[in-house]
Amino acid sequence: MSITQQHLLDVYRAQQLGEPAPPAPGTHDRQVVREWRDERRFRAVLAGRPARGRQRIRRALGRWLPLRDRTTC
């Protein structure tokens, strides 16, 4: 059974029982990822490590992405 089929079955059951329909799959993905990241940073601070943010991501992307020619801008 796919996620969509399971969701439709859950919506049908909720409707039959007079309950509110559950949210669609993927509705709260961004919020979950944001909360997970915040929790990781919080635990890093509690452990005495620096809570790193976007700088690491930018450095990694800088290594992976080719450099643009800045003379054309």
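1. His7 touches Pro22, Pro23, Ala24 and Pro25, leaving aside residues up to four places away in sequence (contact means heavy atoms within 4.5 Å). His7 lies in helix H1. Helices here are DSSP runs of H or I with at least four residues, strands are runs of E with at least two, and both are numbered from the N terminus. At 17% relative accessibility, His7 counts as buried. The classes are buried at under 20% relative accessible area, exposed at over 50%, and partly exposed in between, with a 1.4 Å probe and protein chains only.

2. A word on the basis. This is a predicted model, where local features need pLDDT of at least 70 and side-chain atom pairs count only at pLDDT 80 or more, while totals for chains, interfaces and linings use all residues. Residues are numbered from 1 along each chain as its sequence is written, and side-chain values use heavy atoms, with hydrogens and water left out.

3. The overall fold is quickly stated. The protein has three helices and zero strands. From the N terminus on, its elements run α-α-α. Of its 73 residues, 5% count as buried.

4. Asp10 is partly exposed, at 27% relative accessible area. Asp10 and Ala21 are 11 residues apart in sequence, and their C-alpha atoms are 7.5 Å apart in space.

5. How many salt bridges does a search of the whole structure find? The search finds one. The criterion is a side-chain nitrogen of Lys or Arg within 4 Å of a carboxyl oxygen of Asp or Glu. The partners are Arg43 and Glu39, with the closest N and O atoms 2.8 Å apart. Both belong to helix H2 (residues 29-46); because they are four residues apart there, about one helical turn separates them. Arg43 is exposed, at 53% relative accessibility. Glu39 is partly exposed, with a relative accessible area of 35%.

6. The geometry of H2 is worth checking. H2 has 18 residues and reaches 26 Å from its first C-alpha to its last, close to the 26 Å expected at 1.5 Å a residue. The expected span is 1.5 Å times one less than the number of residues. After H2 comes Gly48, with a positive phi near 85°.
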